[in-house]
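These are my notebook entries on one protein chain.

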Amino acid sequence: MSSGFYREGEARIVLRVEEVERLLLISMAEQMLEIVAPRQTNPDADPLFALIGIEPTSQRPTSEVLLRLFPDAYDDDDEAASEFRRFTERDLRQMKTQHAQTALEALQRSGDKVMLTYAMAPSWMGFLNDVRLALGVRIGIDDDFHDEVEEFDRDDPRLPLLGVYDVAHVFTRVTCSNHAAVGFLRASNLSDTGGPDRWTCQGGSSG
């Protein structure tokens, strides 16, 4: 299994993956593109709205996965949450689409050695986190999950998804804890917590 990301030279980041992991990540990127792609613009919509990225017909998602990827900004104010969604969802979808597309293109042109620039780091972190969040919903990961997983039947359809979730989780965690990838962390707007051996992720959502 891959040991995650590491820095090579002063300007490159490398991800070593086995072929099955590369194909898995490609599949995840393709599926993520289908999920987060911006909706088709209504041809009758106000062109000014489209120009500044407002989605006047944006609705709260009914899909739990989409709701995890595009959560309500205000838990106790439906009107404010709806207004926030109208102004931000299109841009968020475009950003997540760019993250998945960046990862997909790098994986498709690579073998077992995926070469990244520092500029690609935020997109990779965003993509891996989106995969982790989406799979967490599909599998039903919550505070009691670790007790529940021990009782999974061997034929449980969640088991294959759990394997993919683990891959995304490991890649994210290894990236965040490996001080050799300091540049990656800086490029990803992550912070150090007190020394070169203690780089950790700050913020972000848990799955």
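**Entry 1: Helix packing**

I began with helix α4 (residues 78-108) and helix α5 (residues 121-139), which pack at an angle of about 105° with their axes 8 Å apart. That angle makes α4 roughly perpendicular to α5. I note that the model is a predicted one.

I then listed the residues that make this contact. On the α4 side they are Lys-96, Gln-98, His-99, Ala-100, Thr-102, Ala-103, Ala-106 and Leu-107. On the α5 side they are Pro-122, Ser-123, Trp-124, Gly-126, Phe-127 and Asp-130. Sorted by type, the residues of the contact of α4 with α5 come to 7 nonpolar, 5 polar and 2 charged.

Next I examined helix α1 (residues 19-36) against α5. Their axes come within 11 Å and cross at roughly 80°. An angle from 65 to 115 degrees counts as roughly perpendicular, and α1 and α5 are therefore roughly perpendicular to each other.

Here α1 contributes Leu-25, Met-28, Ala-29 and Met-32 to the contact. From α5 come Phe-127, Leu-128, Asp-130, Val-131, Ala-134 and Leu-135. I recorded 9 nonpolar residues, no polar ones and 1 charged one for the contact of α1 with α5.

**Entry 2: The nonpolar core**

Which residues have the most contacts inside the largest nonpolar core? I found Trp-124 and Phe-127 in that position, in a core of 40 residues. Two or more residues each are given to this core by β2 (12-16), α1, α3 (64-69), α4, β3 (113-117), α5 and α7 (158-177). The largest share comes from α5, with 9 residues.

I followed Phe-127 further. Apart from neighbours within four places in sequence, Phe-127 is in contact with Leu-25, Met-28, Ala-29, His-99, Ala-100 and Ala-103. Phe-127 is listed in the contact of α4 with α5 and also in the contact of α1 with α5.

**Entry 3: Aromatic pairs**

I counted 3 aromatic pairs. Phe-5 and Trp-124 form an edge-to-face pair, at 5.9 Å centre to centre with 80° between the planes. This pair links distant parts of the chain, with Phe-5 in strand β1 (residues 4-8) and Trp-124 in helix α5, 119 residues apart. Are Phe-5 and Trp-124 buried or exposed? I found both of them buried.

Why is the pair of Tyr-74 and Phe-84 edge-to-face? The ring centres of Tyr-74 and Phe-84 are 6.2 Å apart and the planes stand at 85°, so the pair falls in that class, for which the angle must be over 60 degrees. Tyr-74 sits in the loop between α3 and α4, and Phe-84 in helix α4, 10 residues apart. I noted Tyr-74 as partly exposed, at a relative accessible area of 39%. Phe-84 is partly exposed with a relative accessible area of 39%.

I also looked for linked rings: ring pairs join Phe-5, Trp-124 and Phe-127 into a cluster.

**Entry 4: Individual residues**

His-99 lies in helix α4. Its relative accessible area is 13%, so His-99 is buried, the limit being under 20%. Beyond residues up to four places away in sequence, His-99 touches Pro-122, Ser-123, Gly-126 and Phe-127.

I turned to Arg-158, which is in helix α7. With 23% relative accessibility, Arg-158 counts as partly exposed. Not counting residues up to four places away in sequence, Arg-158 touches Ile-139, Glu-148 and Phe-152. The C-alpha atoms of Arg-158 and Gly-140 are separated by 8.8 Å, the two residues being 18 residues apart along the chain.

Where is Arg-60 found? I located Arg-60 in the loop between α2 (47-51) and α3. Leaving aside neighbours within four places in sequence, Arg-60 is in contact with Leu-67, Asp-72 and Arg-85. From Arg-60 to Ala-81 I noted 8.8 Å, C-alpha to C-alpha, across 21 residues in sequence.

**Entry 5: The chain as a whole**

The chain has 8 helices and 5 strands, running β-β-α-α-α-α-β-α-α-α-α-β-β from the N terminus on. Of its 207 residues, 39% are buried. Among contacts with a separation of 6 or more, 67% are between residues 24 or more positions apart.

Technical notes. Residues are numbered from 1 along each chain as its sequence is written. This is a predicted model: local features need pLDDT of at least 70, side-chain atom pairs count only at pLDDT 80 or more; totals for chains, interfaces and linings use all residues. Side-chain values use heavy atoms; hydrogens and water are left out. Axes are lines fitted to C-alpha atoms, for helices over the stretch in contact, and angles run from 0 to 180 degrees between N-to-C directions. Helices (H or I, at least four residues) and strands (E, at least two) are DSSP runs, numbered from the N terminus. Angles under 35 degrees count as roughly parallel, over 145 as roughly antiparallel, 65 to 115 as roughly perpendicular and the rest as oblique. Contact means heavy atoms within 4.5 Å. Ala, Val, Leu, Ile, Met, Phe, Trp, Tyr, Cys and Pro count as nonpolar, Asp, Glu, Lys and Arg as charged, and the others, Gly among them, as polar. A nonpolar core is a set of buried Ala, Val, Leu, Ile, Met, Phe, Trp, Tyr and Cys residues joined through side-chain atoms within 4.5 Å. Buried means under 20% relative accessible area, exposed over 50%, partly exposed in between (1.4 Å probe, protein chains only). Rings of Phe, Tyr and Trp (its six-membered ring) pair if their centres lie within 6.5 Å; planes under 30 degrees apart count as stacked, over 60 as edge-to-face and the rest as tilted.
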